[in-house]
Amino acid sequence: MKAAAIRRNGLGLLGLGLAALAVLAALAAPILAPHNPFIGDMTQGLRPPGTPGHPLGTDQLGRDTLSRVLYGARVALFIGLCTVLVTAIVGGLLGLLAGFFGGWSGQVLMRLCDVQLSFPFILLALTINAIVGLGLRNIIISLSAAGWVVYARVVRGEVLSVKQRDFVQAAAALGTSRARILFRHILPNVAPSIIIVASLQFSQFIVAEAAISFLGFGVQPPTPAWGACSRRAATFSTSPGGWPPSPVPRWP
């Protein structure tokens, strides 16, 4: 029944196909990339798209743009996956505990979430990244520190509802330990909400990483990253007469 519903949803199938294509392209980057993304040829710098051997052209160092885009997809997916796992585990666990035990600790956690949610996500992640430093590991830390609150609030609300249900009350009346009730009876019922939030935040984390790298605070060269590639392309914006790009940035 579910498979038939998915087949009837054309936009859903299109989105699933595009996502699968992006993942496959990232995984097959060593096979699909026509050149080494780290090695450039200064004599081939700033070649336009359509140049023989360089379908998307080259950057100012003569590195193939298509190769760097494919390898940058691997970096983006890795950051998105790691950040989603960290935020889901940390935020989900805190939400479980806050919703199940309640009390002043749960209220303090929710007020902390309210304060953090009052700041724009990108700005908060950028600020944390500037504090902890640059690099792949630190951008995962900064995005995780900025994104865990969504899981905590959603999971806490679900736990407050689930723990009032009859099967949880019956388990408590039978003398079941709190840990078993929490992880055996409550967690499976709130897991779908965690999965939904994770699927929504996965793309948000990828976009946030690209934005931070575009500003120069994320993944550092020579590692290929979508944001860093976009920043270098913006620096060498197209001149009025077309290609080749002008070394002077042009702003609208």
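Leaving aside its neighbours within four places in sequence, which residues is Phe214 in contact with? The legends below begin with that residue. The structure is a predicted model, in which local features need pLDDT of at least 70 and side-chain atom pairs count only at pLDDT 80 or more, whereas totals for chains, interfaces and linings use all residues. Residues are numbered from 1 along each chain as its sequence is written, and side-chain values use heavy atoms, with hydrogens and water left out.

View 1. Apart from neighbours within four places in sequence, Phe214 is in contact (heavy atoms within 4.5 Å) with Gly227, Ala228, Ser230, Arg231 and Ala234. With a relative accessibility of 36%, Phe214 counts as partly exposed, where buried means under 20% relative accessible area, exposed means over 50% and partly exposed is in between, for a 1.4 Å probe and protein chains only. Between the C-alpha atoms of Phe214 and Arg232, which are 18 residues apart along the chain, the separation is 8.4 Å.

**View 2. The two aromatic pairs found by a search of the whole structure.** Rings of Phe, Tyr and Trp (its six-membered ring) pair if their centres lie within 6.5 Å, and planes under 30 degrees apart count as stacked, over 60 as edge-to-face and the rest as tilted. Phe100 and Phe101 form an edge-to-face pair, at 5.0 Å centre to centre and with 90° between the planes. Of these residues, Phe100 is buried with a relative accessible area of 16%, while Phe101 is partly exposed at 43%. The rings of Phe121 and Phe205 have centres 5.9 Å apart and planes at 45°, so this pair is tilted. The pair links distant parts of the chain, with Phe121 in helix α6 (residues 121–132) and Phe205 in helix α9 (residues 178–214), 84 residues apart. Both Phe121 and Phe205 are buried.

**View 3. Helix α6 and its cover.** The 12 residues of α6 should span 16 Å at 1.5 Å a residue, and the end C-alpha atoms are 16 Å apart, which agrees; the expected span of a helix is 1.5 Å times one less than its number of residues. Phe121, Leu124, Ala125, Leu126, Ile128 and Asn129 are the buried residues of α6, and what covers them includes α5 (103–117), α7 and α9. In helix α7 (residues 136–162) sits Ser142, which is buried with a relative accessible area of 0%. Not counting residues up to four places away in sequence, Ser142 touches Ala125, Ile128 and Asn129. After α6 comes Gly133, with a positive phi near 110°.

**View 4. The second largest pocket, with a volume of about 150 Å³.** On a 1 Å grid over the protein atoms alone, a cavity is a set of points where a 1.4 Å probe fits but cannot get out, and a pocket is an open set with protein on both sides within 12 Å along at least five of seven lines; lining residues have an atom within 4 Å of a point. Grid points are joined across faces, edges and corners, and a volume is the space filled by probe spheres set on the points. The lining of this pocket consists of Ala19, Ala22, Val23, Ala26, Ala73, Leu77, Phe202, Ile206 and Trp226. At least two lining residues come from each of α2 (10–27), α4 (65–101) and α9, and α2 gives the most, with four residues. By class, the lining has nine nonpolar, no polar and no charged residues, where Ala, Val, Leu, Ile, Met, Phe, Trp, Tyr, Cys and Pro count as nonpolar, Asp, Glu, Lys and Arg as charged, and the others, Gly among them, as polar.

**View 5. Backbone geometry at Pro222 and Leu46.** Most residues other than glycine have a negative phi, and most peptide bonds are trans. Pro221 and Pro222 are joined by a cis peptide bond, with omega about 5°, and Pro222 is placed in the loop between α9 and α10 (226–235). Leu46, although not a glycine, has a positive phi of about 60°; Leu46 lies in the loop between α3 (29–32) and α4 and counts as partly exposed at 24% relative accessibility.
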